[in-house]
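Please have the sequence and the 3D view at hand.

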Amino acid sequence: EHLGIAVRDPEPVLKLYEALFGFVPYRSEAVEREGVRTHFLDAGTVKLELLESLHEHSPVAKYLAKRGEGIHHLAFEVEDIDAAFAQLGEAGFTLLGDAPKSGADAKRIFFIHPRDTHGVLVELCQQTEQVPPATRVPFAGGSLASYAMGRAEAPALLMLHGGLGSVESELLPVMRELQRQYRVISFDFAGHAGSRDVPATPELRGIAQCEAVLDAHGVDAAHVFGFSMGGTVALHLAHARPDRVRRIAVLGVNSTWDEPTIQRAKQRITPSFIEQHPDWTAHLAALHGPAWPKLALTLSDAIDAYPGRHLTSAQLAALPHPVFVLAGDRDRIYPLEHTLHLYRALPDAQLAILPGAEHALHRLPPRPLADQLHRFYSSTD
Ligand code: CO
């Protein structure tokens with residue numbers, strides 16, 4: 001997952017890696033309890049975590065006093081940190097601490113004593129689904145919860161979640177990957193999750209929300225990614241405000257609204273249907289609050305109006321932006337034929353069909369998706 005490097009002073013080390021390879025830190029963060037400040041660099045296939053001591057009693061200060069600067073630990077990601085802790089403890093490894101603890105980058109971590117690992121301090125870590133602090137963006141009498149990650153100077157990338165989704169439940173893992181190369185900006189759509197105090201509106205009001213969020217972050221034009229409803233908003237934003245959009249990637253987006261498709265899309269967001277599934281009902285109540293059925297009805301009603309409002313083939317053909325169209329081959333909401341129709345209607349499009357993927361961004365492995373998106377956004381053709 002990363003290499004930890006103990007440094008006395010981060011400044012000359014950061015200058016060194018920039019001079020050598022052009023690496024610049026995309027995230028710096030103090031972990032007060034450990035008395036350390038961490039600086040993350042993206043080295044392509046691996047991350048570097050520079051560790052700077054905040055006071056003389058910190059573990060890193062003791063390490064520096066004893067051994068000097070250099071490689072401090074190797075970190076490996078695991079799926080279940082508590083299970084790993086129990087299993088390795090039972091197997092007789094000497095583990096540092098009584099339980100996994102919170103570390104930098106919203107991770108839970110623990111270390112194995114180097115005497116059990118041939119002199120290498122080994123960290124095990126698990127990513128938690130913890131959103132960074134929200135920026136409140138005033139909108140329609142309330143405020144939208146917006147989240148930004150990555151360097152302020154990096155190219156801006158606006159990421160849009162699907163209907164009844166949220167930043168936390170859908171976008172966060174991919175955002176974490178892409179923060180290495182981009183200023184990743186996202187927000188919960190009106191009526192959703194952290195933006196639940198703004199009344200939900202039909203999805204095309206999403207264009208105004210995107211503009212308000214870009215303005216709040218001082219961004220004129222951004223790459224855009226959108227999943228499902230977010231993808232629809234991305235295309236409409238490109239149509240309405242072509243100057244604010246650079247390259248667009250959409251996943252699980254439909255542009256052909258025949259009656260069976262409308263019914264499939266509506267059914268899965270109709271409260272009476274959702275309430276037949278207790279887990280999903282509980283998930284939506286936790287995510288969006290007790291008013292989630294109202295949100296679901298607003299979105300479901302909006303779908304009835306899609307046929308008269310979707311971008312026509314002529315409008316799609318006039319979009320000047322490169323568009324990357326992605327879809328799962330097991331998407332049961334939107335047929336692949338519709339995806340192909342969208343791809344063919346766009347003048348400058350690329351297409352990826354994801355094997356085994358359903359209409360569910362949160363089930364996709366984040367790293368391969370982030371890699372595909374980065375290749376597209378950083379391409380100059
Ligand atoms: Co580490």
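## Terms and model

Contact means heavy atoms within 4.5 Å. Helices (H or I, at least four residues) and strands (E, at least two) are DSSP runs, numbered from the N terminus.

The model is predicted: local features need pLDDT of at least 70, side-chain atom pairs count only at pLDDT 80 or more, and totals for chains, interfaces and linings use all residues. Residues are numbered from 1 along each chain as its sequence is written, and side-chain values use heavy atoms, with hydrogens and water left out.

## Sheet and helix

Eight strands form an open sheet with mixed pairing, in the order 2-3-4-1-5-8-7-6; two strands pair if DSSP finds at least two bridges between them. Strand 2 (25–31) and strand 6 (95–103) are at the edges with a single partner strand each, so one side of each has no neighbour in the sheet.

Strand 1 (residues 2–7) pairs with strand 4 in the parallel sense over 6 bridges. Leu3 has Leu48 in strand 4 as its bridge partner.

Helix 3 (residues 81–90) lies across strand 6, strand 7 (107–112) and strand 8 (122–127), at about 170° to strand 6. For such angles, axes are lines fitted to C-alpha atoms, for helices over the stretch in contact, and angles run from 0 to 180 degrees between N-to-C directions.

## Cobalt site

His2 (NE2), Glu49 (OE), His73 (NE2) and Glu123 (OE) are the protein donors of the cobalt ion, 2.1 to 2.2 Å from it. Donors are N, O and S atoms within 2.8 Å of the metal (3.2 Å for Na, K and Ca); water is not among the atoms, so sites may look incomplete. Glu49 is in strand 4 (residues 47–53) and His73 in strand 5 (residues 70–77), so this pair ties together parts 24 residues apart in sequence.
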